[in-house]
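Subject: Structure for your files

Hello,

Here is the structure I said I would send. My notes on helix packing and the ligand follow below it.

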Amino acid sequence: MGVIGLGYVGLPLAVAFAEAGERVVAVEVDSQKVAAVRAGESYIEDVPSERLRAALERIRATTRYADLAPAEAILICVPTPLSANREPDLGPLNASAQALAQVLQPGQLVVLESTTYPGTTRERLVPLLEESGLRVGADFNVAFSPERVDPGRTDYTLRNTPKVIGGITERCAERAEELYRRICDHIVPVSTPEAAELTKLLENIFRSVNIALVNELAILAERMGINIWEVIDAASTKPYGFMRFEPGPGMGGHCLPVDPFYLTWRAREFHMSTEFIELAGKINQQMPYHCVERIERALNDAGKPVKGSRILILGASYKGGVGDTRESPAIRIMEVLAERGAALSYDDPFVPALPDLGLESTPAAGAVGDADAVILVTAHPGVDYAELARRSALFVDLRGVTRGIEVENLVRL
Ligand SMILES: NC(=O)c1ccc[n+]([C@@H]2O[C@H](COP(=O)([O-])OP(=O)(O)OC[C@H]3O[C@@H](n4cnc5c(N)ncnc54)[C@H](O)[C@@H]3O)[C@@H](O)[C@H]2O)c1
């Protein structure tokens with residue numbers, strides 16, 4: 001097995017295949033990550049270091065693409081970010097495909113796992129791989145299979161999350177199915193890589209749009225004096241036709257704020273503007289600013305300006321249980337509060353330091369008493385937020401974690 005890109009997606013896959021008895025060559029451009037994997041030190045929460053160490057005998061981490069030559073199958077798990085002007089940046093994918101083409105061998109299967117727009121596998125990846133002189137379908141096989149990992153989640157894992165696969169040819173699909181059956185219980189074949197690519201985007205756009213909808217309703221409900229959490233809890237009792245989504249400080253991570261815009265970009269070629277995606281993005285991007293306004297109002301009610309107030313932020317990562325701060329709304333909220341003169345501190349056991357803000361995490365237990373306002377932005381598991389709220393002069397809960405708790409000086413999104 002070969003895995004290219006040892007991040008949130010690639011490292012768990014490498015470990016899963018190693019645990020299934022495969023020998024894995026894991027290629028990564030970041031030599032620090034290679035060194036960490038070799039030392040059995042995991043930097044991904046979903047893969048505890050003990051688990052990595054137990055599988056390490058079968059994993060060879062390297063920066064050298066040449067080591068992929070003996071692999072039967074190679075999974076590409078490199079990032080697919082947006083450029084500065086919010087267009088797909090296929091730089092890492094191009095670089096990995098070009099490097100792989102140099103060492104591609106007849107009989108190999110290449111699977112792209114990175115989220116991307118429909119057409120990438122066939123129109124971008126295959127031509128780059130064919131620069132090897134080999135032909136897809138005849139000499140090697142190619143498929144797209146989107147990663148569905150939800151970092152920090154333990155009930156759905158690689159093993160029990162159905163795996164969608166679309167191959168360039170039937171044989172490509174068959175080979176990819178055979179491969180993933182070794183680590184996944186349920187395979188979902190679709191007819192083309194394009195269908196698989198769009199499946200992943202549909203899943204993420206569905207979430208983005210529904211989060212935006214409930215965020216907009218939360219803002220409206222607050223103005224109307226209606227408790228949005230009570231409404232969501234009540235609506236969730238409907239046994240069919242409703243799916244629960246919760247308001248929050250905005251979307252973060254590598255996926256939801258980024259992936260939908262891959263489709264928006266592609267849609268332009270087909271003379272379509274994807275209005276749901278744009279609108280959802282706009283509402284969700286606005287949420288950190290709405291939250292800052294909420295914090296300002298709460299401080300104002302306590303007779304305090306933001307400037308000079310001691311504000312303690314709980315949770316800096318974009319979601320509970322992980323240390324990923326990419327696109328985290330908590331960072332945006334902190335940046336805006338800092339611009340306005342707040343004296344900031346934060347507590348996040350998963351994020352020891354925020355060098356750009358010049359801050360280091362300080363345990364909330366000792367700090368809540370000194371803060372003018374404590375803001376719960378990201379709720380991590382195992383923390384007694386009700387207790388922290390009780391000990392705070394002012395507690396602003398942007399996640400609805402304290403609902404059902406009656407505490408004075410508690411403000412909810
Ligand atoms: N993180 C998630 O929860 C998640 C879930 C589903 C899908 N995805 C998708 O999977 C893909 C990877 O995401 P991720 O979160 O694992 O990213 P990541 O940044 O955590 O990991 C990607 C790794 O690839 C490495 N890399 C970059 N260019 C390379 C190259 N040319 N050769 C070898 N290695 C290279 C990077 O150094 C990095 O370690 C993205 O397309 C993402 O949208 C991510």
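**Helices α7 and α10**

On the α7 side, I205, S208, V209, I211, A212, N215, E216, I219 and E222 meet F276, I277, A280, I283, N284, M287, H290, R294 and R297 of α10. By type, the residues of this contact are ten nonpolar, four polar and four charged. Please keep in mind that this is a predicted model.

Helix α7 covers residues 193–224 and helix α10 covers residues 275–301. The two pack at an angle of about 40°, and their axes are 9 Å apart. The crossing of α7 past α10 is left-handed.

**Helices α9 and α10**

Helix α10 also packs with helix α9, residues 260–268; their axes come within 9 Å and cross at roughly 140°. These two helices are therefore oblique to each other as well. As α9 passes α10, the crossing is left-handed. P260, F261, L263 and T264 of α9 make the contact with I277, E278 and G281 of α10. Sorted by type, that gives four nonpolar residues, two polar and one charged. I277 of α10 is in the contact with α7 and also in the one with α9.

**Helices α4 and α5**

Another packed pair is helix α4 (residues 91–103) with helix α5 (residues 120–130), at an angle of about 40° and with axes 8 Å apart. That angle makes α4 oblique to α5. From α4, the residues in contact are L93, N94, A97, Q98, L100 and A101; from α5, they are T120, R124, L125, L128 and L129. Seven of the residues in this contact are nonpolar, three are polar and one is charged.

**The ligand**

Which residues come nearest to the ligand? There are 28 residues around it, and V9, E28, K33, Y65 and T80 come nearest. For two of these, K33 and T80, there is a side-chain distance to report. In K33, a side-chain N or O atom is 2.7 Å from an oxygen atom of the ligand. In T80, the corresponding distance from a side-chain N or O atom to a ligand oxygen atom is 2.5 Å. H254 also has a polar side-chain atom that lies 3.1 Å from an oxygen atom of the ligand.

Regards

Note on methods
Residues numbered from 1 in each chain as written. Predicted model: local features only at pLDDT ≥ 70, side-chain atom pairs only at ≥ 80, totals over all residues. Heavy atoms only, no water. Axes fitted to C-alpha atoms, helices over the stretch in contact; angles between N-to-C directions. Helix = DSSP H or I, 4+ residues; strand = E, 2+ residues; numbered from the N terminus. Left-handed = near helix turned anticlockwise from the far one by under 90°. Contact = heavy atoms within 4.5 Å. Nonpolar A, V, L, I, M, F, W, Y, C, P; charged D, E, K, R; others polar. Near = heavy atom within 4 Å. Polar contact = N/O pair within 3.5 Å; in protein donor to acceptor, adjacent residues only side chain to side chain. Parallel < 35°, antiparallel > 145°, perpendicular 65-115°, else oblique.
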